[in-house]
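Have a look at the chain below, and then let's walk through a few of its features together.

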Amino acid sequence: MSSLLPDQPRYRLPDFARLDAAAHDRIIHEAMRSQRAVLDELAANPDPPTAENVIHAWELAQTPLTRALSAFMTVRDADTNDDLDALDERLAPQLAEHEDAIALSRPLFDRLLALRDADAEGRAELDEQDRFWLSERIRRHRRSGVDLAPDAQETLRGLNKAIATASARFERLVVAGRNEAAVHIIDESELDGLSPAQRRAAAAAATERGLDGWLLELVNTTGQDWLASLDRQDVRRRVFEASTRRGTGGDNATGRTIIELARLRARRAELLGYASHAALVADDGCARTVDAIETLLADIGGPAVLLARADEKRYREAFARLAPGLEFGPWDWAWTAARLRAATAVDDATLRPYLEYWRVLHEGVFAAAHELYGITMVRRDDLAGYTSDSVVFEAHEEDGSPLGLCIVDPWTRPTKQGGAWMTDLVCADTLTGDRPVVTLNTNVTRPAPGEPALLTWDQVITCFHEFGHCLHGLFADTRYASLSGTNTPRDYVEFPSQVNENWAWHPLLIARYARHHATGEPIPDELVSRLLDGRLADAGFEDLEILAAMGLDQAWHTTAPTLLPQAPDGIDAFETAALRDRGLAFDLVPPRYRSRYFSHIWSGGYDAAYYSYKWAEVYDADACAWFAEHAADGDGGLNRGAGERFRREVLAIGGSVDVAEAYRAFRGADPDPAHLARRRRRD
C-alpha cells in the first residue's frame, strides 16, 4: 500500500487538479482508517516479531496518511481558501486523536518491545537501520505518554486535541491578519523612493484586491522590504507599525490563542514529566537541555548586541545628515543601512537589476548543485504542480537517470503563507522504491506582465537556503520514509540548508547568475567586491533580531503557566521582560517575529525550537570550513569530490542514524563553535 491519492505518471506526484477540499477530507479519513486497521492487526499478530511484520508493516501502514497529509498541507500553505481552512480546523483535533490512539496503544508498544527483545536474544535479524528505527519508535512512544496511567492518558488526549485546534486557528488568523495589515496608498508622493518595478507590483496588488492606488503587502517577518526604499519617514513608520501591530485587535487577533497554546503546552510537558515544554523539545534534539540552548544564545547574544550598538551610533550620525531634524527610529534602520551600503558596500537597489529570479535559480541555485553533486534540473511541462504558478523540475543524475522532482512556486499571493519553505510531498525510501518529490516555496513579488522578477540579496540567499532542504530530500537514500531526507532532529535539519546558502556568495557562481536583466552584462567586478566586503555590514542587526525571536520562543515555553500573561493586554510587557532578562532588549532592533505573528512557534512546528537555526549554524560553519579544506584549484570546495562525500555521508542518510554521531564520523570530531564565532566577527 503506498497511496490513496490520484497520482500523475511515473512519480507519486499527486494530481492536484482532482483534489478539492472534499477529496482531501475523504482521502485523509480513509487513510486514517486504513492505518488503524493495519496497526491493530500488527499488534495482535501471534507470530514471532520480525523486521518485516513489525517495522515494514508499520511503515507501509502510515504511508497513505503521510502522503495524503503532505498533499493537503502543501495546497493549504500555498493557496488556501475558506473550504481548506475549515477542513484544516476540523482535521486538527481528529488527527491529534488518531495519533494518540497509536502512540498510547499498549499492545502496539508491547509489540515493539517484543521485537527489541527478540533482536537482543538473536531471535530476529535486524540491521543498523532497523535497530535505529526501533529505538526511535520506542523512545517516541515513551515521550508521548505510553507509560502514563489511564486517567493521565485521558488528560493527555484532551490536551493534544486542544493544542492541535488552537494551532490550526492561529494559522488561519495569522494569514488573514497579514493580508488585513497591508498598507493602502492613495497619494503617489508617499511612494517616493520605490523603484518603477516596486510601484508596478504595488499597483498590481491593489488591483487584485479591487482597490485604487497602491498596496504595500506585508511579509511574515517584522522587517519589510519596503522600509529600505521608502523615502518618507511617515510612510516607513506606517508600514513598520502595520507590521508590528498584526494580531493585536479585531477579528484576526491572535493574543488569546497564543496564551492558550503556551499554557496547554506547559501542562502537557508537566504531565509527561518535563520541567517545561522547552525541556521536552530540547530532549528530542541535538541540544538535549534548555541550559545548552540558553548558553548558546547568551554566547552569541553578547557580541550581537555590541555590534548592533556600534551600528546604532553610526546610523544615528548618518541619519542626522540624511534627514536633518528627524528622530531616528526602528523604521529608519533599513533605510539608513541601505544608503550606507550604497556608499560603502552595495545596496539592493544597485543589485536588483542583476538578480532576475529565473536566472538566479538556473545559473545560481541549480548550477551550484550541478557543480557539487552532478545533478541537472530539467523542466517538465507535462507534469502539473499544486498551483498555476508552480513549475515542475526533474532532477537527473550525472548519468542522466531520473532522481526525483522539485516543484517551484515563486510568487506571493494573499492565499499563501508568508516566508519560504520546502515540503516533502513524497519521501524517498528503498522499502517502496518511490522517488522523492519536494517543493520549493518563496514569496517573491509577482512582476507585472512582461517585467522581470528582480530579487533582493536576502531573497537570493533564501532561494539557496530552501533548495538546500530540497537537496536533503532529493538525495535521501534510506530504507524507511519516516527517517528519510529532512526527517531529522529539528535543530539539525537547518544545517544542510544553511550550508547551501554559502554557495550564493561564491564569486564563480555570482559571475554566472548575476547579470543585468535587460542587457545580459555581468555584474561589475567592483560591485561583487563591495558585496563580498559588505557581507557583515549589518551582522549586528541580523543576529540580534533573530536572537531576540529565539529568546521570545524560549520565554513562552519555559515560563510556568501561572507566570504567563493572563490576557492579551499583558503580552507586550511579557515580551519586554523576556528580552530584557536575556540581554536582548534593543528598541531599534525588534525581534524578527513578535509573539502575535510568530508562525514558526505557534503553527509551524518550531515551538521551543526556533533556536534550531543558530544551533544548526554551528554545524553549518564547521562544515563550510571542511569544504574550504577540500578546495581544489581555488574553488572554495565547490567541486564534485567534496560534494559527493557531503552527499553520501551527510545528506543521503537523513535521520536514519544518530545524526550527531554521523556528523562526527564525517568530520572526525564534533562541530567546532569557533568557526561560527570567526564567521560573524567583523574586524
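## A covered strand

First, a term: a residue is buried when its relative accessible area is under 20%, exposed when it is over 50%, and partly exposed in between, using a 1.4 Å probe and protein chains only. Helices (H or I, at least four residues) and strands (E, at least two) are DSSP runs, numbered from the N terminus. Keep in mind that this is a predicted model: local features need pLDDT of at least 70, side-chain atom pairs count only at pLDDT 80 or more, and totals for chains, interfaces and linings use all residues. Residues are numbered from 1 along each chain as its sequence is written, and side-chain values use heavy atoms, with hydrogens and water left out.

Now for strand 4, which spans residues 391-396 and is mostly covered, with six of its six residues buried. Which residues sit on each face of strand 4? Val 391, Phe 393 and Ala 395 are on one side, while Val 392, Glu 394 and His 396 are on the other, and both faces are covered.

## The strand's partners

Two strands count as paired if DSSP finds at least two bridges between them. Strand 4 runs antiparallel to strand 3 (residues 376-379), and four bridges join them.

## Salt bridges

A salt bridge here is a side-chain nitrogen of Lys or Arg within 4 Å of a carboxyl oxygen of Asp or Glu. How many salt bridges does that rule give? The count comes to 68.

Take Asp 119 and Arg 131, whose side chains meet in a salt bridge at 2.8 Å, N to O. Asp 119 belongs to helix 4 (residues 106-120) and Arg 131 to helix 5 (residues 128-143), so this pair ties together parts that are twelve residues apart in sequence. Asp 119 is buried, at 17% relative accessibility, whereas Arg 131 is partly exposed at 41%.

Arg 139 and Asp 284 make another salt bridge, with their closest N and O atoms 2.8 Å apart. This one links distant parts of the chain: Arg 139 is in helix 5, and Asp 284 is in the loop between helix 10 (277-282) and helix 11 (290-322), 145 residues apart. Arg 139 is partly exposed at 25%, and so is Asp 284, at 31%. Both belong to a network of salt bridges that also takes in Glu 136, Arg 140, Arg 143 and Asp 283.

## Cysteines without bonds

A disulfide is a covalent bond between the sulfur atoms of two cysteines. The cut-off used for it is a pair of cysteine sulfur atoms within 2.5 Å. How many disulfides does the structure hold? It holds zero.

Cys 470 is in no disulfide, and the nearest cysteine sulfur, in Cys 406, is 4.0 Å away. Cys 470 is buried, at 0% relative accessibility. For Cys 624, the closest cysteine sulfur is in Cys 286, 17 Å away, which is too far for a bond. Cys 624 is buried at 19%.
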